[in-house]
Amino acid sequence: MAAGPTAPRSWFAYSLDLAPVIARERLPGLPPIPDVLEGELAEALDVDVVYDVASAAWGGKVARLVDAPGHKLPGMLRRVPADAWDALVRLESAMAGATEVRQVKVRTFTGAVLSAHVFTPTAPATPAQGLVSEAFLVTLALSAEEAGLSPDHVERLQAEARIVQALQKAGPEALSLSKAPGKKG
């Protein structure tokens, strides 16, 4: 008996995968983008992001998904046909080193709660040194805006990008607590 088609997978996008066409502008060598960008606004439950994974492609640290009870992370829930999954795996890996796939609980805009796959970089053995990638943050904010995430979330991402940009312009001395006014050292 021949096996029937495999059911589509639920995929939660929260990072550059919100609008990979925008990421392609910064990383032109990305693999083909599967035709799976339609979806619905949703939020992953009990997770958040940290910026502790070094990325040579982005010139700094990029986002990784972590457990965070009580937190909600806005994004997009998409249904991915089985025949597009491998292309999606290649794209996620190339965009920001998101090679680990895990399950998250997602609440849709209609209030339904379901399980979805999400891609994230693997936790580093030791957190990366240096600044978060400004280019990554700018691209993430543009991707979130393009996907239609809430203006508050987009503004927060834009503010994070501006903060990182200001720190980079100020140079390493701005990060040194020993040189802060009023500090002995």
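Leaving aside its neighbours within four places in sequence, which residues is lysine 61 in contact with?

**Entry 1: ground rules.** I am working on a predicted model, where local features need pLDDT of at least 70, side-chain atom pairs count only at pLDDT 80 or more, and totals for chains, interfaces and linings use all residues. Residues are numbered from 1 along each chain as its sequence is written, and side-chain values use heavy atoms, with hydrogens and water left out.

**Entry 2: lysine 61.** I looked up contacts, meaning heavy atoms within 4.5 Å. Beyond its neighbours within four places, lysine 61 touches Tyr51, Asp52, Val53, Ala54, Ala128, Gln129, Gly130, Leu131, Val132 and Ser133. Lysine 61 lies in strand S3. Strands are DSSP runs of E, at least two residues, and helices are runs of H or I, at least four, numbered from the N terminus. I then checked burial: buried is under 20% relative accessible area, exposed over 50%, partly exposed in between (1.4 Å probe, protein chains only). Lysine 61 counts as buried because its relative accessibility is 13%. The backbone oxygen of glycine 130 lies 3.0 Å from a polar atom of the lysine 61 side chain.

**Entry 3: aromatic rings.** I used this rule: rings of Phe, Tyr and Trp (its six-membered ring) pair if their centres lie within 6.5 Å; planes under 30 degrees apart are stacked, over 60 edge-to-face, the rest tilted. The count comes to 3 aromatic pairs. In one, the ring centres of tryptophan 58 and phenylalanine 136 are 5.7 Å apart and the planes are at 85°, so I noted edge-to-face. This pair links distant parts of the chain, 78 residues apart: tryptophan 58 is in the loop between S2 and S3, phenylalanine 136 in helix H3. Tryptophan 58 is buried at 2% relative accessibility, and phenylalanine 136 is buried at 0%. Tyr51, Trp58 and Phe136 make up one aromatic cluster.

**Entry 4: helix H3.** What covers the buried residues of H3? I found that the cover includes helix H1, S2, S3, helix H2 and helix H4. Those buried residues include Phe136, Leu137 and Leu140.

**Entry 5: aspartate 46.** Most residues other than glycine have a negative phi. I noted aspartate 46, where phi is positive, near 65°. Aspartate 46 lies in strand S2. Aspartate 46 counts as partly exposed because its relative accessibility is 41%.

How values were computed: A polar contact is a pair of N or O atoms within 3.5 Å; within protein, one must be able to donate a hydrogen and the other to accept it, and residues adjacent in sequence count only if both atoms are side-chain atoms.
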